[in-house]
Amino acid sequence: MSNMFSELEGEIIFREDICFDEDKIKEFILEKIREKIDSSENKGFVFEEIVYAFFEYMNIPLSKTSKT
């Protein structure tokens, strides 16, 4: 499974309308995250997966625990 943030990076690079504007990039990413969370019934677990994906994308090691 590919990382959400790697996919977003790919989308941003090919969008000339936002690729050079930091504020537009932030808005784009936040909107995609909101859409992903809002489309799920288990919002807490989806948020957790997004946080894990971000740390993985930034190459920050972390320990994943089981869902409770």
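## Arg15 and its partner

At 31% relative accessibility, Arg15 is classed as partly exposed, a term covering values between buried (under 20% relative accessible area) and exposed (over 50%), computed with a 1.4 Å probe on protein chains only. Arg15 forms a salt bridge with Asp17, with 2.8 Å between the closest N and O atoms; a salt bridge here requires a side-chain nitrogen of Lys or Arg within 4 Å of a carboxyl oxygen of Asp or Glu. Asp17 is likewise partly exposed, at 43% relative accessibility.

## Basis of the model

The structure is a predicted model, in which local features need pLDDT of at least 70 and side-chain atom pairs count only at pLDDT 80 or more, whereas totals for chains, interfaces and linings use all residues. Residues are numbered from 1 along each chain as its sequence is written, and side-chain values use heavy atoms, with hydrogens and water left out.

## Further salt bridges

Four salt bridges are found in a search of the whole structure. One of them joins the side chains of Lys32 and Glu11, at 3.7 Å from N to O. This pair connects distant parts of the chain, as Lys32 belongs to helix 2 (residues 22-38) and Glu11 to helix 1, 21 residues apart. Helices are DSSP runs (H or I, at least four residues), numbered from the N terminus. Lys32 is partly exposed, with a relative accessible area of 27%, and Glu11 is partly exposed at 36%.

Another salt bridge links the side chains of Lys26 and Glu22, at 3.5 Å from N to O. Both residues lie in helix 2, four residues apart, about one turn of the helix. Glu22 counts as exposed, at 55% relative accessibility, while Lys26 is partly exposed at 45%. In general, side chains of opposite charge can pair when their charged atoms come close.

## Packing of helix 1 and helix 3

Helix 1 (residues 4-13) packs against helix 3 (residues 43-57) at an angle of about 70°, and their axes are 8 Å apart. Axes are lines fitted to C-alpha atoms over the stretch in contact, and angles run from 0 to 180 degrees between N-to-C directions. The two helices are therefore roughly perpendicular to each other, a class that spans 65 to 115 degrees.

Helix 1 contributes Met4, Phe5, Ser6 and Glu9 to the contact, and helix 3 contributes Ile50, Ala53, Phe54 and Tyr57; contact means heavy atoms within 4.5 Å. By class, six of these residues are nonpolar, one is polar and one is charged.

Definitions and conventions: Angles under 35 degrees count as roughly parallel, over 145 as roughly antiparallel, 65 to 115 as roughly perpendicular and the rest as oblique. Ala, Val, Leu, Ile, Met, Phe, Trp, Tyr, Cys and Pro count as nonpolar, Asp, Glu, Lys and Arg as charged, and the others, Gly among them, as polar.
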